[in-house]
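Please examine the sequence and the structure shown here.

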Amino acid sequence: MSTVTSTARTDGAQPTDDRKAPGRPRSARADEAITEAMLDLLAEGSSFEALTIEAVAARAGVGKATIYRRWPNKESMLVDAIARLKGDPPVPPGTSLREDLVTMLRPVGALRSTRAGQIMPCLIPELRRSPELQAVFQRAMEPRREALRKVLRYWIERGELRSDVDIELMQAMLAGPLLAKNVLFWNPDLPREGLPERLVDAVLAGIGVR
């Protein structure tokens with residue numbers, strides 16, 4: 001007897017051919033198609049508020065049921081989509097404090113030329129209006145902040161940074177100007193080339209590294 005039971009849906013979604021039996025892993029290919037579809041729609045200028053599950057399903061070539069088996073709502077989809085958009089945090093070489101910090105900042109410095117750079121300006125108005133979406137964004141960004149925290153703690157333990165350095169403030173001092181430059185297009189007179197290196201040098205000089 002089949003382990004899959006046909007059930008009626010009340011949300012209008014139609015069953016798709018990627019239905020899995022209980023206990024089997026969900027399709028990684030479908031996951032990728034769905035998150036890529038969401039990112040494509042955002043990159044094309046769709047606001048998060050206007051984005052619908054139906055539109056994502058149509059772009060991904062799946063049924064709504066496929067999406068709802070994976071995510072309860074579009075907010076939870078956005079967490080995975082942003083994580084995919086950002087990718088894994090860079091791995092610092094561990095050779096010096098300066099080089100580790102520059103390595104962590106280079107992806108932020110390149111943001112404008114990436115799909116993330118196209119999407120983030122579209123999300124900013126929604127982040128300001130929606131506490132729920134702001135919480136989603138913070139959850140998605142936390143792994144990258146934690147990766148930078150680990151770099152700073154590593155060099156504090158080795159005596160290269162003062163033990164009283166405010167780690168959260170130092171993160172803001174390093175990443176904030178790059179985000180302002182690449183997401184908000186702030187100060188066109190500030191050259192983008194070499195900016196991560198210049199920021200790291202300025203911050204390290206200012207805090208008096210050992």
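The structure is a predicted model.

**Helix pairs**

| Helix pair | Angle | Axis separation |
|---|---|---|
| α1 (residues 28-43) and α6 (residues 115-129) | about 70° | 8 Å |
| α7 (residues 131-157) and α8 (residues 167-183) | about 115° | 10 Å |

Helices α1 and α6 pack at an angle of about 70°, which makes α1 roughly perpendicular to α6 because angles of 65 to 115 degrees fall in that class. The crossing of α1 and α6 is left-handed. On the α1 side, E36, L39, D40, L42 and A43 form the contact, and they meet R115, Q118, I119, C122 and L123 of α6. Sorted by class, the residues in this contact are 6 nonpolar, 1 polar and 3 charged.

Helices α7 and α8 pass each other in a right-handed crossing. Here α7 contributes R145, L148, R149, L152, R153 and I156, while α8 contributes I167, E168, M170 and Q171. The contact of α7 with α8 comprises 5 nonpolar, 1 polar and 4 charged residues.

**The loop residue R70**

R70 lies in the loop that runs between α3 (64-68) and α4 (74-86). Is R70 buried or exposed? With a relative accessibility of 11%, R70 counts as buried, because the cut-off is under 20%. Two partners of its side chain can be named. The side chain of D31 makes a polar contact of 2.5 Å with that of R70. The backbone oxygen of T66 is reached by the R70 side chain at 2.9 Å.

Methods:
Residues numbered from 1 in each chain as written. Predicted model: local features only at pLDDT ≥ 70, side-chain atom pairs only at ≥ 80, totals over all residues. Heavy atoms only, no water. Helix = DSSP H or I, 4+ residues; strand = E, 2+ residues; numbered from the N terminus. Buried < 20%, exposed > 50% of the residue type's maximum accessible area, 1.4 Å probe, protein only. Polar contact = N/O pair within 3.5 Å; in protein donor to acceptor, adjacent residues only side chain to side chain. Axes fitted to C-alpha atoms, helices over the stretch in contact; angles between N-to-C directions. Left-handed = near helix turned anticlockwise from the far one by under 90°. Contact = heavy atoms within 4.5 Å. Nonpolar A, V, L, I, M, F, W, Y, C, P; charged D, E, K, R; others polar. Parallel < 35°, antiparallel > 145°, perpendicular 65-115°, else oblique.
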